[in-house]
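I opened the notebook today to look up a single chain.

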Amino acid sequence: MNNKLIYENGVYRMDLADLEEKAKDPATKMLAFCNPHNPSGRVWTKEELEAVADICRRNGLVIVSDEVHCDLVRQDQTYTPMGKIAPDITITSTTAGKSFNLSGLHLANILIPNEELRQRFLEERGRWFPSPLAAAATKAAYSDCAEWEDQVNAYLDESFCILQRRLGQVLPKAHLVKPEGMYLAWIDMSGYALPDKEICRRFVEDAGVVPDPGTHFGPEGEGFVRLNIACPHSVLNEALDRVEKAFADL
């Protein structure tokens with residue numbers, strides 16, 4: 001079952017009433033959660049996390065929280081782990097792959113504070129050991145590279161500012177959903193009233209810029225594109241110049 005987010009006035013929020021109803025279903029055993037949320041970019045507040053945790057506790061649900069983008073948040077945001085709010089019922093997944101560009105080493109972290117839940121997980125999953133290189137790189141990233149990560153976040157802050165400043169000129173009918181986390185821009189293109197295939201055709205074939213179609217994330221993504229802006233500012237500006245020409249006739 002899918003608990004859809006509510007999109008109003010350019011902002012996303014959770015539908016807690018719908019979540020409560022679906023959590024009551026006896027067939028529901030687990031909530032797959034995402035914080036920061038992909039693709040909307042929301043960084044859920046402590047109050048929102050507490051509301052979700054309360055619903056799950058009342059209905060006996062385990063929360064599996066995907067927090068792989070947790071190191072990448074905007075300067076005006078505060079990231080709170082779900083595991084801090086509900087350690088008794090939460091399984092958290094993190095990785096250095098996103099924030100430190102180590103995805104090629106194929107290592108993720110599974111954090112399970114609850115001893116009983118952890119043992120159940122290990123019995124089902126079995127034990128797996130990463131390569132020594134992946135373990136060493138991950139340890140170095142988390143132990144010695146905080147300053148580098150701060151610089152990355154500061155650079156991404158400016159990247160989003162560039163995108164926000166230029167979007168009114170480049171795509172005047174589009175809306176950038178407020179970026180709170182990640183390095184992925186979620187852009188509402190519904191103002192152009194074009195089919196999703198035509199929107200992506202113009203991006204890819206006319207502009208030479210490859211976004212993720214919003215429909216990759218379900219029917220709720222219709223009319224959206226997700227754009228990776230983890231690149232030099234010069235590349236971002238060049239991409240925006242191309243996109244402007246691709247949509248100039250509209």
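Before listing any pocket, I note the term: a residue counts as lining if it has an atom within 4 Å of a point of the pocket. The model is a predicted one.

**Entry 1: second largest pocket.** I looked up the second largest pocket, which has a volume of about 410 Å³. I found its lining to be Leu107, Ala108, Ile110, Ile112, Arg118, Phe121, Leu122, Arg125, Gly126, Arg127, Trp128 and Pro130. Helix α4, residues 115–125, gives the most to this lining, with four residues. By class I noted eight nonpolar residues, one polar and three charged.

**Entry 2: largest pocket.** I then turned to the largest pocket, with a volume of about 770 Å³. It is lined by 30 residues, and the closest to its centre are Asn2, Asn3, Lys4, Leu5 and His37. Which element gives the most to the lining of the largest pocket? I found that β3 does, with five residues. The classes here are 19 nonpolar, seven polar and four charged.

**Entry 3: cis bonds.** I checked the loop between β3 and α2 (46–58), where Pro36 is found. The peptide bond from Asn35 to Pro36 is cis, with omega near -5°. Pro39 lies in the loop between β3 and α2 as well. I noted a cis bond there too, joining Asn38 and Pro39, with omega about 20°. For reference, most peptide bonds are trans, and most residues other than glycine have a negative phi.

**Entry 4: positive phi.** Asn101 is not a glycine, yet its phi is positive, about 60°. I placed Asn101 in the loop between β5 (90–94) and β6 (109–111). Is Asn101 buried or exposed? Asn101 counts as exposed because its relative accessibility is 66%, and the cut-off for exposed is over 50%. Ala193 also has a positive phi, near 50°. Ala193 lies in the loop between β8 (184–188) and α7 (196–206), and at 70% relative accessibility it counts as exposed.

**Entry 5: Gly10.** I found Gly10 in the loop between β1 (6–8) and β2 (11–13). Its relative accessible area is 14%, so Gly10 is buried; buried means under 20%. Leaving out residues up to four places away in sequence, Gly10 touches His175 and Val177. I also noted that the C-alpha atoms of Gly10 and Ala174 are separated by 11 Å, although the two are 164 residues apart along the chain.

**Entry 6: a sheet.** I traced an open sheet of four strands in the order β7-β8-β10-β9, with antiparallel pairing. Its edge strands are β7 (175–176) and β9 (212–213), each pairing on one side only. Strand β9 pairs with β10 (residues 224–228) over two bridges. For Asp212, I found the bridge partner in β10 to be Arg226.

**Entry 7: whole chain.** I counted eight helices and ten strands in the chain. A compact globule of 250 residues would have a radius of gyration near 18 Å; the chain has 20 Å, which agrees. I noted a box of roughly 60 × 45 × 30 Å for the C-alpha atoms, taken along the principal axes. Of the 250 residues, 46% count as buried. Among contacts with a separation of 6 or more, 69% are between residues 24 or more positions apart.

Conventions
Residues are numbered from 1 along each chain as its sequence is written. This is a predicted model: local features need pLDDT of at least 70, side-chain atom pairs count only at pLDDT 80 or more; totals for chains, interfaces and linings use all residues. Side-chain values use heavy atoms; hydrogens and water are left out. On a 1 Å grid over the protein atoms alone, a cavity is a set of points where a 1.4 Å probe fits but cannot get out, and a pocket is an open set with protein on both sides within 12 Å along at least five of seven lines; lining residues have an atom within 4 Å of a point. Grid points are joined across faces, edges and corners, and a volume is the space filled by probe spheres set on the points. Ala, Val, Leu, Ile, Met, Phe, Trp, Tyr, Cys and Pro count as nonpolar, Asp, Glu, Lys and Arg as charged, and the others, Gly among them, as polar. Two strands pair if DSSP finds at least two bridges between them. The radius of gyration is taken over C-alpha atoms; the globule rule is 2.2 Å times the number of residues to the power 0.38. Buried means under 20% relative accessible area, exposed over 50%, partly exposed in between (1.4 Å probe, protein chains only). Contact means heavy atoms within 4.5 Å.
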